[in-house]
Amino acid sequence: MQSLCIEQAIDIQPACLGLYCGKTLIFKNGSTEIYGECGVCPRGQRTNTQKYCQPCTESPELYDWLYLGFMALLPLVLHWFFIEWYSGKKSSSALFQHVTALFECSVAAIVTLLVSDPVGVLQIRSCRVLMLSDWYTMLYNPSPDYITTIHCTHEAVYPLYTIVFIYYAFCLVLMMLLRPLLVKKIACGLGKSDRFKSIYAALYFFPILTVIQAVGGGLLYYAFPYIVLVLSLVTLAVYMSASEIESFKDLFLRKKRLIILLSHWLLHAYGIISISRVDKLEQDLPLLALVPAPALFYILTARYTEPSRILSEGANGH
């Protein structure tokens with residue numbers, strides 16, 4: 001039988017081994033608290049500095065919400081990319097598929113929040129992320145005699161790790177329920193073999209996103225602001241070059257170009273806010289004035305680089 005200890009004003013028990021092993025509260029009556037042996041903390045709890053398992057009762061910080069927003073945007077952006085890629089320029093179904101993808105991801109995000117603790121409200125309780133190792137507790141199971149391993153693996157960053165998997169599952173289910181019916185009804189401009197290619201693409205990238213979250217969730221947590229900023233800059237430059245946008249007049253020729261430009265500006269702002277974390281509002285908000293800078297720099301210097309000439313030479317094989 002698991003031995004029990006009474007923890008009062010003075011803790012007479014030896015400290016738990018490992019970074020994430022803790023004592024679980026079994027019974028509390030007034031000032032008397034009965035704890036079990038050191039081991040794994042239940043879901044929704046993590047160890048404190050005294051090696052006691054404490055419930056996660058804090059609200060996520062702004063940076064945590066920005067991270068969850070980034071992970072939620074990944075499948076949506078990939079949906080839009082493959083819809084645009086496979087729909088073709090003359091297809092009238094692209095817009096409806098874009099809206100459907102947005103609807104699927106939005107509903108999945110809402111349902112994920114509703115089923116998370118506390119259930120039924122659009123908010124979550126979480127544990128504070130303290131360091132990178134919090135994401136990889138399975139690597140810190142202690143082995144006191146180098147033979148027996150004490151397994152203390154639990155979600156120290158609850159629920160930032162598992163909530164992403166739940167969201168991806170809902171996205172996949174909603175896509176399989178809604179998108180095939182929509183595509184079959186309105187994708188008349190595409191051949192039968194092309195209609196469902198954007199759906200097939202999702203069946204590939206969802207497992208990839210899941211593996212990335214499982215293996216690199218902690219790294220993404222600290223690196224995503226820079227990933228957003230760099231990728232938004234690169235994709236904007238590639239798009240403007242491929243569309244041969246070399247002046248402000250070229251930019252305003254089509255509404256689609258303005259929509260894509262504004263979308264990239266939103267991503268720029270998202271990356272800047274994530275990096276600065278808006279700790280000091282009066283100092284960080286002026287950084288948002290840099291959002292249009294990459295597009296302005298590209299247009300002002302396009303006459304010197306001549307991207308249209310580079311594209312034409314590449315097409316001719318020179």
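Cys-41 and Cys-53 form a disulfide, with their sulfur atoms 2.0 Å apart; a disulfide here is a pair of cysteine sulfur atoms within 2.5 Å. The structure holds four disulfides. This is a predicted model, where local features need pLDDT of at least 70, side-chain atom pairs count only at pLDDT 80 or more, and totals for chains, interfaces and linings use all residues. Residues are numbered from 1 along each chain as its sequence is written, and side-chain values use heavy atoms, leaving out hydrogens and water.

**The bond between Cys-41 and Cys-53**

- The torsion about the S-S bond of Cys-41 and Cys-53 is about -80°, so this disulfide is left-handed.
- The pair links distant parts of the chain, twelve residues apart: Cys-41 sits in the loop between β3 and β4 (45-47), and Cys-53 in strand β5 (residues 53-55).
- Strands (E, at least two residues) and helices (H or I, at least four residues) are DSSP runs, numbered from the N terminus.
- Both Cys-41 and Cys-53 are buried; buried means under 20% relative accessible area, exposed over 50%, and partly exposed in between (1.4 Å probe, protein chains only).

**The bond between Cys-16 and Cys-38**

- A disulfide also joins Cys-16 to Cys-38, with an S to S distance of 1.8 Å.
- This pair links distant parts of the chain, 22 residues apart: look for Cys-16 in the loop between β1 (5-7) and β2 (22-29), and for Cys-38 in strand β3 (residues 32-39).
- The link of Cys-16 and Cys-38 is left-handed, with -75° about the S-S bond.
- Cys-16 counts as buried because its relative accessibility is 7%, while Cys-38, at 33%, counts as partly exposed.

**The bond between Cys-56 and Cys-127**

- The sulfur atoms of Cys-56 and Cys-127 are 1.6 Å apart and form a disulfide.
- Here the linked parts of the chain are again distant, 71 residues apart: Cys-56 is in the loop between β5 and α1 (62-87), and Cys-127 in the loop between α2 (94-115) and α3 (162-186).
- With -75° about the S-S bond, this link of Cys-56 and Cys-127 is left-handed.
- Cys-56 is buried, with a relative accessible area of 1%, and Cys-127 is buried too, at 4%.

- If you number the bonded cysteines of the protein chain in sequence order, the pairing reads 1-3, 2-8, 4-5, 6-7.
- Cys-105 is in no disulfide.
- Cys-105 counts as buried at 4% relative accessibility, and Cys-171 is buried with a relative accessible area of 1%.
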